[in-house]
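Please examine the chain shown here. A set of questions and answers on its architecture is requested.

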Amino acid sequence: MKRWDHDHMLEMGKKLFAKIQRQKTHAHHNHDIHFMAKEIDEWLPAGIGAMIQGTYDPRCLKRYYFPDDVVDQPHLSDRIFQHIFLKQLKPTFKHVMNQYCYHLDGPTGVKYATQRIKQVLETQKPRYIIRADIKSFYKSIPHYKLIQDIKTHYQDQNVQSMLENIITNPVDTPQGYKNPSHGIALRGPLSQFFSGIYLKPLDDAFNNMDVTYLRYQDDIIILCKTKRQLNRSRRRMMEILQERRLKLSRKKSRIGSIQDGFHFLGIDYSPTQTEDNTTVMQVGDDSMDPDNVGYSLANGGGKRPIDQHTRAPLNIVPHPRTFRKAREQVKHMVIDEVSPRRIRHYLHRWTTWWVKTSNAWVYHELLQQFMDVCWNPRVTAIARDILQHHLKEVRTTTAELSRSAAACA
């Protein structure tokens with residue numbers, strides 16, 4: 001793909017807008033989408049021309065209030081422009097971003113991360129784990145440090161200027177316009193890019209350490225073979241997070257033995273070792289003291305029970321949150337009176353995606369587990385229809401294969 005090509009960028013923008021327009025077919029007649037459709041030959045070429053010249057400056061973010069969250073969202077036109085901008089930046093990722101920053105691969109990154117974790121657990125047999133989650137990550141990023149990082153890795157002044165405009169974009173609120181010094185729009189097309197840039201020092205710090213490091217946005221996992229590696233990794237991680245002005249979430253972060261299992265990116269990894277007295281403990285926001293981590297020793301022979309027993313086979317299962325998110329999504333689709341056909345399509349794609357990602361789960365078993373934890377009768381009925389259709393296809397395929405085998409014999 002030729003970068004910064006006007007015609008290619010224009011075609012990309014039209015396809016993106018057409019996709020959004022199809023999703024908002026039934027939007028209110030005063031919705032922006034209808035006015036933008038009429039004037040697309042004006043605002044789209046003008047915005048692309050501004051990006052090529054390096055003068056692109058987005059509209060103010062709009063702040064929306066929900067019962068449990070506050071969201072700053074870019075205007076629809078800026079979402080399209082910034083998506084095009086991201087496409088122009090992607091060829092640079094292999095030279096700038098760390099290879100273990102998996103969210104830059106999109107949903108496929110979950111599959112890559114899962115495959116790597118399974119491989120490490122089965123071949124390297126790590127004994128300790130750091131499972132870290134950064135507290136309010138996107139809201140905590142200071143603008144000045146992010147802009148410094150951008151200027152360090154991108155020498156093009158036009159790119160620097162446009163990214164700075166996006167980072168320091170004012171926010172339109174009911175109380176007036178705000179100019180925050182921290183935080184980036186979580187739902188903006190460039191949020192994943194900013195995440196990769198801002199935590200690059202942390203990613204790079206583990207390149208030469210003999211541990212397994214993975215990151216997906218603000219979720220971090222470090223698998224270690226020895227207690228010494230664990231302590232060194234903990235200290236290094238906390239030093240960099242402190243320099244980056246970030247803190248860990250107390251409830252979601254853990255450090256200790258891997259024996260009790262762990263979860264990452266919607267998958268529960270069951271214990272990989274036999275049970276002993278070693279525990280996994282919560283960590284504080286500011287520090288993780290290795291002396292306070294519960295490493296229990298056996299009384300016999302001065303060895304840990306972890307060294308005296310063999311490991312149990314690796315087993316992975318869906319995390320409860322994985323089912324809950326899918327259940328809530330389908331429930332809202334039912335409430336919004338989305339057609340049953342679209343709901344079935346979503347649920348089928350969700351099941352198929354997880355089967356391929358895990359490379360261990362079976363379609364009908366995963367769908368049955370979803371039904372077992374779903375108490376909404378309408379959602380359960382839709383899932384049951386999909387399951388029956390799938391089993392019917394399986395039986396038909398099996399019968400055809402049997403007949404073919406008999407004919408060949």
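The questions below concern this predicted model.

Q: How many helices and strands does the chain have, and what percentage of its residues count as buried?
A: In this predicted model, the chain has 17 helices and 12 strands. Among contacts between residues at least 6 apart in sequence, 72% join residues at least 24 apart. Of the 409 residues, the share that counts as buried is 46%.

Q: In what order do the four strands of the open sheet with mixed pairing lie?
A: The edge strands are strand 2 (69–73) and strand 5 (176–178), each of which pairs on one side only. Neighbouring strands of this sheet are turned by 30° against each other on average, direction ignored. The order of the four strands is 2-1-4-5.

Q: Which residue of strand 2 stands opposite Y65?
A: Strand 1 (residues 61–66) and strand 2 run antiparallel and are joined by five bridges. A hairpin of two residues connects strand 1 to strand 2. The residue of strand 2 opposite Y65 is V70.

Q: How are helix 1 and helix 3 oriented to each other: parallel, antiparallel, perpendicular or oblique?
A: Helix 1 (residues 6–23) and helix 3 (residues 40–53) pack with their axes 10 Å apart, at an angle of about 135°. Angles over 145 degrees would count as roughly antiparallel, and those from 65 to 115 as roughly perpendicular. The two helices, helix 1 and helix 3, are therefore oblique.

Q: Is the crossing of helix 1 and helix 3 left-handed or right-handed, and how do the residues of the contact divide?
A: The crossing of helix 1 and helix 3 is right-handed. Helix 1 contributes H6, M9, L10, G13, K14 and F17 to the contact, while helix 3 contributes I40, D41, W43, L44, P45, I48, M51 and I52. The residues of this contact divide into 10 nonpolar, two polar and two charged.

Q: Why is strand 7 described as largely enclosed by the rest of the structure?
A: In a regular strand, side chains alternate between the two faces of the sheet. From strand 7, D219, I221 and L223 point one way and I220, I222 and C224 the other way, and all are buried. Strand 7 (residues 219–224) is largely enclosed because the number of its six residues that are buried is six.

Q: Which residue of strand 7 is the bridge partner of Y128?
A: Strand 3 (residues 128–133) pairs with strand 7 in the antiparallel sense, over six bridges. The partner of Y128 in strand 7 is C224.

Q: Which residue in the turn between strand 6 and strand 7 has a positive phi?
A: Strand 6 (residues 212–216) and strand 7 run antiparallel and are joined by five bridges. Within this pair, R215 stands opposite I220. The two strands, strand 6 and strand 7, form a hairpin with two residues between them, and the turn residue with a positive phi, of about 60°, is Q217.

Conventions
Residues are numbered from 1 along each chain as its sequence is written. This is a predicted model: local features need pLDDT of at least 70, side-chain atom pairs count only at pLDDT 80 or more; totals for chains, interfaces and linings use all residues. Side-chain values use heavy atoms; hydrogens and water are left out. Two strands pair if DSSP finds at least two bridges between them. Axes are lines fitted to C-alpha atoms, for helices over the stretch in contact, and angles run from 0 to 180 degrees between N-to-C directions. Angles under 35 degrees count as roughly parallel, over 145 as roughly antiparallel, 65 to 115 as roughly perpendicular and the rest as oblique. A crossing is left-handed if the near helix is turned anticlockwise from the far one by less than a right angle, and right-handed if clockwise. Contact means heavy atoms within 4.5 Å. Ala, Val, Leu, Ile, Met, Phe, Trp, Tyr, Cys and Pro count as nonpolar, Asp, Glu, Lys and Arg as charged, and the others, Gly among them, as polar. Buried means under 20% relative accessible area, exposed over 50%, partly exposed in between (1.4 Å probe, protein chains only).
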